2 protein chains.
Amino acid sequence: MSLHSEIHEQPTIIQGLLGKQSEITRIATEIRKIDPAYVFLAARGTSDNAGRYANYMWGAYNHLPVALATPSLFTYYQQMPKLNGALITAVSQSGQSPDIIAVVDEGKRQGCASLAITNAPDSPLAHAANFVIDIAAGPEKAVAATKTYTAELLAMALLSVELADDDVRRAELQKLPIWAQQVLALDEEIARLAERFRYMEHCVVIGRGFNYATAFEWSLKLKELTYSVAEPYSTADFQHGPIAMVERGFPVFVAAPSGIILPDMLPLLRTLRETHHAELTIISDSPEALALAQSPIQLPAGIPEWLSPIIAIIPAQLFCYHLTRTRGFDTEAPRTIRKVTETH
Amino acid sequence: MSLHSEIHEQPTIIQGLLGKQSEITRIATEIRKIDPAYVFLAARGTSDNAGRYANYMWGAYNHLPVALATPSLFTYYQQMPKLNGALITAVSQSGQSPDIIAVVDEGKRQGCASLAITNAPDSPLAHAANFVIDIAAGPEKAVAATKTYTAELLAMALLSVELADDDVRRAELQKLPIWAQQVLALDEEIARLAERFRYMEHCVVIGRGFNYATAFEWSLKLKELTYSVAEPYSTADFQHGPIAMVERGFPVFVAAPSGIILPDMLPLLRTLRETHHAELTIISDSPEALALAQSPIQLPAGIPEWLSPIIAIIPAQLFCYHLTRTRGFDTEAPRTIRKVTETH
């Protein structure tokens, strides 16, 4: 079963990508020379969720605003935004999606530099871009992306560190492989936990800040693999409206690692548990957050917030894998989805 | 009941806002002088959905890329992206949200011009911004926003037309009040139709291109008012993954007005109906699209795609209003939500 083994490959892939730092230093040096006003980011699906991480990461540490491209503007409406000042950034595991390549090509026509983050350094996307970060995750056979997601996040984190030439964060990166191994050790515990959700039909997944990306990716894996209706939210958007639908027993999945966001998330989690009587599954290192969950999933202590999305998604991947098995569905090739999106 | 009457006020508000075109011409002239590289747009909830429309509108007709702000970067992480070249655009019905005002203030500190689109021209947001478009929708008493949403869309459309000085589109705008009246005449038909969904627990709402915004706003109203789990998707994202969860009878709501997108949506709608046996509610003017729905909602013929979101959302608002009544819920003050979001 390649999905399960691909989830377990992640510490090794993270270790390998950390070893390619010097290549990324070189790319960062070139990008610093260009001094882009903002990043124009094109991606779909799992890679688009990685883009949500870049949005926070590059905004918080590199002061770079990120505009998410709307590829259909390019392909359907044939209207090209003016891109002066933009660094085009295309994120695609396969490097094959024509609509993502179209964004890079248009950037080139307008004289913008472009960066591809891809698992296929010999793909049409990689050939079209000026700079390529090869995430080197090895072939991903399962249709649901797991290891390429964390590798894309790590590539974005490495680039952020090198753009800022930040020694403190450079050192923090080195612990990622160990943290990844520690959460993989939760495999059996999560397999038992997933059984509780055998008959769950719908749920919401919440997170904020850096872990807004985690909420989206957890939700996407739930939908692709387990066929549950799973809607992702930022906690801010969630509490101003959609929280209305939370009744007793309503399942809420929460990515809540320690950090600047957590103290303001705790009152919401308390309200969900104590007032709404929601069913909470919480991924966190905070004892206070975990105590509010019927199903707590404990992260190792000491992960800095900016790196927490790379680790926090791993138990969520395991959860989705085991829930899929519990339901007797195909973990390798879920119905109706294909590996390469060929949307125009 | 103010929600119902506010929905019905829309033709009058649209007519009124069309009469303020010369003010918007003046603002457009100023913005053209500034020649922004891109728009940095800050909004929440319903206004954020209006921002999705601006993203397509200003991209397609004004070649302006739109970056959606992540307000928590400003308020939690205290990290300010560099905004050189950006036109800060803040969209807020109340003009009171501190996190939206923080984005305008930071833009000002960095020397960027700012535009507020608001229903409160005397609000702190309006005072903070360089340019203000008063959407003049009158007091909105119902907690769920309806008339301020369409008025925000229209303000964005007017600005697009004036920035491009486009006579063809300027003439097309004039038909909006009549089209709005025509869809409001569907009120009783939609009241009957809504009963069918009395016991629906979850659904998805899909749209693409200009009507990506319609899918998001329809979904938000369903969640806020009817407490159904309703997840919005672009059709592109939906068919590469989440479509897996569509089983026989699964309710799918579709915003599918005629335009460049529709021909490629039709095969998806056919697959949903014929292969997945989904339950389709389709808002469209296209006989081909409507024929695929168990519950067709017919738009007037001749609405150009760029204006269709302003009209297509109105029957969706009526649908949510009537479904809320059918379920015996409060249409005026849904549980747990407040009118002004004070997220930090």
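Author: Here is a walk through the salt bridges, followed by some of their surroundings. Keep in mind that this is a predicted model.

Start with the general idea. Side chains of opposite charge can pair when their charged atoms come close. The cut-off here is a side-chain nitrogen of Lys or Arg within 4 Å of a carboxyl oxygen of Asp or Glu. Over all chains, that rule gives 33 salt bridges.

Take a pair that crosses between chains. B:Asp35 forms a salt bridge with A:Lys82. Their closest N and O atoms are 2.9 Å apart. B:Asp35 sits in the loop between helix 3 and strand 1 of chain B. A:Lys82 sits in the loop between helix 5 and strand 3 of chain A. How open are the two partners? B:Asp35 has 51% relative accessibility, so it counts as exposed. A:Lys82 has 24%, so it counts as partly exposed.

Now look at residue A:Asp35. This residue is in the loop between helix 3 and strand 1 of chain A.

A:Glu288 and A:Arg270 meet through their side chains in a salt bridge, at 3.3 Å from N to O. A:Glu288 belongs to helix 15 and A:Arg270 to helix 14, so the pair ties together parts that are 18 residues apart in sequence. A:Glu288 is partly exposed, at 49% relative accessible area. A:Arg270 is partly exposed too, at 32%.

Charged residues can also form a network here. A:Glu162, A:Asp165, A:Asp167 and A:Arg170 are linked by salt bridges in this way.

B:Asp134 forms a salt bridge with B:Lys20, and their closest N and O atoms are 3.7 Å apart. B:Asp134 is in strand 5, while B:Lys20 is in the loop between helix 2 and helix 3 of chain B. The two are 114 residues apart. Are they buried or exposed? B:Asp134 and B:Lys20 are both buried.

Helix 2 of chain B deserves a look as well. It covers residues 10-18, and its axis comes within 8 Å of the axis of helix 10, residues 176-184 of chain B. The axes cross at roughly 175°. Angles over 145 degrees count as roughly antiparallel, and helix 2 and helix 10 of chain B are therefore roughly antiparallel to each other. Helix 2 contributes B:Pro11, B:Ile14, B:Gln15 and B:Leu18 to the contact. Helix 10 brings B:Leu176, B:Pro177, B:Ala180, B:Gln181 and B:Leu184. What kinds of residues are these? Seven are nonpolar, two are polar and none is charged.

Finish with nonpolar residues. The largest nonpolar core has 268 residues. Among the members that touch the most others are A:Leu272 and B:Leu272. Beyond its neighbours within four places in sequence, A:Leu272 has contacts that include A:Ile206, A:Phe238, A:Val252 and A:His277.

A:His277 has a positive phi of about 55°, although it is not a glycine. It lies in the loop between helix 14 and strand 9 of chain A. At 32% relative accessibility, A:His277 counts as partly exposed.

Note on methods. Residues numbered from 1 in each chain as written. Chains lettered and ligands numbered in written order. Predicted model: local features only at pLDDT ≥ 70, side-chain atom pairs only at ≥ 80, totals over all residues. Heavy atoms only, no water. Axes fitted to C-alpha atoms, helices over the stretch in contact; angles between N-to-C directions. Helix = DSSP H or I, 4+ residues; strand = E, 2+ residues; numbered from the N terminus. Parallel < 35°, antiparallel > 145°, perpendicular 65-115°, else oblique. Contact = heavy atoms within 4.5 Å. Nonpolar A, V, L, I, M, F, W, Y, C, P; charged D, E, K, R; others polar. Buried < 20%, exposed > 50% of the residue type's maximum accessible area, 1.4 Å probe, protein only. Core = buried A, V, L, I, M, F, W, Y, C linked by side-chain atoms within 4.5 Å.
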